[in-house]
Amino acid sequence: MTSQVMDGKAIGEAIRSEVAAGAAQLKAKGLRPPGLAAVLVGENPASRVYVASKVKACAEAGLFSDKIERPASASTAEVLQIVGDLNGRSDIDGILVQLPLPKQVDEGAVLRAIDPTKDVDGFHPVSMGNLLLDQGGFEPCTPAGIMELLKRYGVEMKGRRAVVVGRSHIVGKPMALMLLREHATVTICHSRTQDLPAVCREADILVAAMGKTAFITGEFMKPGAVVVDVGINRVTDAEEAARLFGGDENRIRQVREKGSTLVGDVLPTAMWEKASLYTPVPGGVGPLTIAMLMSNTLKSARLRLGA
Ligand code: NDP
């Protein structure tokens, strides 16, 4: 079986240049740039990296961004105050609150406080309800990016069996709803699913969003399936990297020189052998998430500016 990579980096770049063209059109009409506010609470290093890359992506696409930082000791009331201020600002079209929030902050209350017309992450209950009812609005960026990828690679979804492993609010559940909207026959799996390999083997399109290193092996795959690997896990052992990546020298060197390499929820060697199309980690789903955030911010600005 010859398997083909779905290049999320290239598709992410294409989406980002479409967003840049959209922002340039607004400018040509004498309108302000789309504006994204990123709220970062605490010192979580991964969150810092994510927010920095979102701010950089904004600058590259001609979007305005405002990073608002608070210490890890911030209270729910302080974060609600920030969100309230951002809801009222006319230069801000999108509000993203980087998760996770420190544990004393009521995450649900903060997400519910975001004006749904600025909810570019798509996590507000109103956005989720709109998705469920097919009524438009903002959609969570990771599954929305995966749908773009599948469409741009010409993957037929209508009538096909899709299996989503994971039922989180940010990936698994919205992913399943989006596949359903495209007329796939969808099964959602989770930690209590019985005989997961057998359920996954029915999939023409298999999406793994579990957060479990290389859990999905060849035993879970129908030959020729389209496999989307959402997981981001770090492998720090060179021998393990060698096993997961079929002795790939680059990966082994990465672990030795940088201390780790990234692997998804799917065993790479199994994808290479059995999938017809698959997403690599890194360079698959990850770059699409930020691209869709930019795209949602542009969409919000156009609605707000009537352009
Ligand atoms: P969560 O931890 O919120 O959800 C994991 C899901 O996987 C749960 O529904 C859980 O089931 C299910 N699961 C866990 N173990 C098993 C198992 N052994 N068998 C079957 N199902 C299982 O994770 P997220 O959805 O937030 O993220 C998933 C992965 O995707 C992570 O690695 C994360 O880092 C990555 N991610 C990547 C993004 C990107 O941009 N590329 C963006 C967002 C996430 P149950 O509900 O029963 O507990």
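**Entry 1**

I began with strand β2 (residues 35–41), which pairs with β3 in the parallel sense over seven bridges. Strands here are DSSP runs of E with at least two residues, helices are runs of H or I with at least four, and both are numbered from the N terminus. I took two strands as paired if DSSP finds at least two bridges between them. I looked up G35 and found F64 of β3 opposite.

A note on the source: this is a predicted model, where local features need pLDDT of at least 70 and side-chain atom pairs count only at pLDDT 80 or more, while totals for chains, interfaces and linings use all residues. Residues are numbered from 1 along each chain as its sequence is written, and side-chain values use heavy atoms, with hydrogens and water left out.

Next I traced the strand order. The sheet is open, has three strands and runs β3-β2-β4 with parallel pairing. I noted an average twist of 15° from one strand to the next. Axes are lines fitted to C-alpha atoms, for helices over the stretch in contact, and angles run from 0 to 180 degrees between N-to-C directions.

**Entry 2: the six-stranded sheet**

I then read the order of a second open sheet: β1-β11-β8-β7-β5-β6, six strands with parallel pairing. β1 (4–5) and β6 (185–189) are the edges, and each pairs on one side only. I checked β7 (residues 205–208) against β8 (residues 226–229) and found parallel pairing over four bridges. V207 has V228 in β8 as its bridge partner. Helix α7 (residues 172–181) packs on this sheet and touches β5 (161–165), β6 and β7. The direction of α7 makes about 170° with that of β5. Contact means heavy atoms within 4.5 Å.

**Entry 3: α6 against α7**

I turned to the packing of α6 and α7, whose axes are 9 Å apart at an angle of about 35°. Their crossing is right-handed. A crossing gets that name if the near helix is turned clockwise from the far one by less than a right angle, and left-handed if anticlockwise. P143, A144, I146, M147 and L150 of α6 meet P174, M175, M178 and L179 of α7. I sorted this contact by class: nine nonpolar, no polar and no charged residues. Nonpolar covers Ala, Val, Leu, Ile, Met, Phe, Trp, Tyr, Cys and Pro; charged covers Asp, Glu, Lys and Arg; the others, Gly among them, are polar.

**Entry 4: α1 and its two partners**

Which way does α1 lie relative to α12? The axes of α1 (residues 8–28) and α12 (residues 286–305) come within 8 Å and cross at roughly 20°, so the two helices are roughly parallel. That label needs an angle under 35 degrees; over 145 is roughly antiparallel, 65 to 115 roughly perpendicular, and the rest oblique. α1 passes α12 in a left-handed crossing. The contact has 14 nonpolar, five polar and three charged residues.

I compared α6 (residues 141–152), whose axis comes within 10 Å of that of α1 and crosses at roughly 105°. α1 and α6 are therefore roughly perpendicular. G8, I11, A14, I15 and E18 of α1 touch E148, L149 and R152 of α6. By class I have four nonpolar, one polar and three charged residues.

**Entry 5: domains**

Last, I looked up the domain assignment, automatic or from a database. Domain 1 is 30–116 and domain 2 is 141–285. Their centres, taken over C-alpha atoms, are separated by 29 Å.
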